[in-house]
Amino acid sequence: MKRQFTDLREPRPAKRPQGGSCTEALPGPAPAPVAEAVRPAEREPLSVLVVEGDERAAECLVVGLRRHGYQAQSVGTGAKALRVHPHADLVLLDLDLPDLDGLEVCRSIRAACDTPVIAVTARDTELDRVLGLQAGSDDYMIKPYGFRELMARMEAVMRRVRSHPSSAEEQVVEHGPLRIYAGIREIRLDGQLITATRKEFDLLHLLASRPEHVFSRKELMVQVWDDAWSRSGRTIDTHVSNLRSKLGSCSWIVTLRGVGFRFGHP
C-alpha cells in the first residue's frame with residue numbers, strides 16, 4: 001500500500017502521517033532557501049522528473065521542489081517516465097509503480113542515456129539497495145526521508161555530474177588494452193566498448209588515474225559518491241564486482257582486505 005505524504009502546502013504545523021516519505025513539512029517562502037544556497041543564481045533551474053504512482057505523494061514532491069527553485073513535473077507510470085525522461089536533468093524514481101517495476105524503468109533510462117537517477121522507495125533491505133544500484137541508480141533513498149536530505153543528495157549527485165568536463169580532448173587514461181576516455185565517458189577494452197553505469201565509470205576512472213594509490217572505502221565514498229557521512233556497506237563491493245565482471249577479470253581492481261582498493265593489471 002502506498003504511504004501518505006505530509007502536505008507541503010499546509011501553512012501551519014500538522015501531524016505527520018504514518019509511513020510518509022516527506023517527513024518535514026516545509027514553511028512558506030524562506031529568506032534563504034536551501035536551493036539558492038547551493039546552486040549559483042546564474043545557473044538554469046534544475047529540471048527534475050518525479051516518477052511516482054501516488055498522486056498525492058507526487059504533488060507533495062513537486063510543490064516542495066518548485067518552492068526551492070527547481071523546475072519539477074511528475075508522471076504516474078513507468079511508461080510515461082520512459083517517454084519524457086530525456087527532457088529532465090535528474091529523475092526521482094519510485095520503484096513501486098502501477099505498470100512497470102521501477103528497477104526495469106531505471107535500467108531502461110540508464111541504457112538510453114546518462115541522466116542521473118535517484119531511487120526513492122520504501123524497499124529498505126540490503127538486497128533492495130544492491131539491486132537498485134546494479135540497475136543504475138546514482139543514489140538510493142528510503143521512505144520516509146527528510147526533504148532537506150533529499151535536496152542535499154540531489155545536489156551531491158549533480159555536483160558529481162557537473163564536475164566532469166565535456167571536452168572529448170581530455171587525456172585518455174591507458175593501461176595496456178584498457179582505455180578510459182574521461183571527456184566522452186567511454187571505457188574500451190581491446191577496442192570493445194564496455195557499458196558501465198555512471199558510478200562504475202567514476203570508480204574505475206578514479207582507480208586507474210592513480211594506479212599506485214590504495215583508496216580506502218571512505219575515500220571512495222567521498223570522491224565517487226560525494227558522501228562523507230553514509231556507511232559504504234555493500235555499495236562499493238557491488239560496483240567493484242560489476243566492473244570485474246564487465247572487464248572479464250578480477251585483476252583490474254585489487255582488494256586489500258581491511259585497507260581498501262587499488263587499480264591492478266590482469
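Guide: We can start with a pocket. The residues lining the second largest pocket divide into 8 nonpolar, 5 polar and 8 charged. This is a predicted model, in which local features need pLDDT of at least 70, side-chain atom pairs count only at pLDDT 80 or more, and totals for chains, interfaces and linings use all residues. Residues are numbered from 1 along each chain as its sequence is written, and side-chain values use heavy atoms, with hydrogens and water left out.

Visitor: What makes a residue count as nonpolar, polar or charged?

Guide: Ala, Val, Leu, Ile, Met, Phe, Trp, Tyr, Cys and Pro count as nonpolar, Asp, Glu, Lys and Arg as charged, and the others, Gly among them, as polar.

Visitor: What makes a space a pocket, and which residues line the second largest pocket?

Guide: On a 1 Å grid over the protein atoms alone, a pocket is an open set of points where a 1.4 Å probe fits, with protein on both sides within 12 Å along at least five of seven lines; lining residues have an atom within 4 Å of a point. The lining of the second largest pocket has 21 residues, and R110, D114, T195, A196 and T197 lie nearest its centre. Helix 4 (102-112) and helix 7 (198-209) are among the elements that each supply at least two residues of this lining. Helices here are DSSP runs (H or I, at least four residues) and strands likewise (E, at least two), numbered from the N terminus.

Visitor: Why is N242 called buried?

Guide: Buried means under 20% relative accessible area, exposed over 50%, partly exposed in between (1.4 Å probe, protein chains only). N242 has a relative accessible area of 14%, so N242 is buried. N242 is found in helix 9. Leaving aside neighbours within four places in sequence, N242 is in contact (heavy atoms within 4.5 Å) with Q134 and E200. Of the 266 residues in the protein chain, buried residues make up 46%.

Visitor: What makes a set of residues a nonpolar core?

Guide: The set must consist of buried Ala, Val, Leu, Ile, Met, Phe, Trp, Tyr and Cys residues joined through side-chain atoms within 4.5 Å. The largest such core has 25 residues, and L178, L204, L220 and L247 have the most contacts inside it. Helix 7 gives the most to this core, with 6 residues. Another core, of 20 residues, lies apart from it and includes Y70, L90, Y145 and M151.

Visitor: Which residues does L178 touch?

Guide: Not counting residues up to four places away in sequence, L178 touches V173, I187, R188, L189, L247, W252 and F263.
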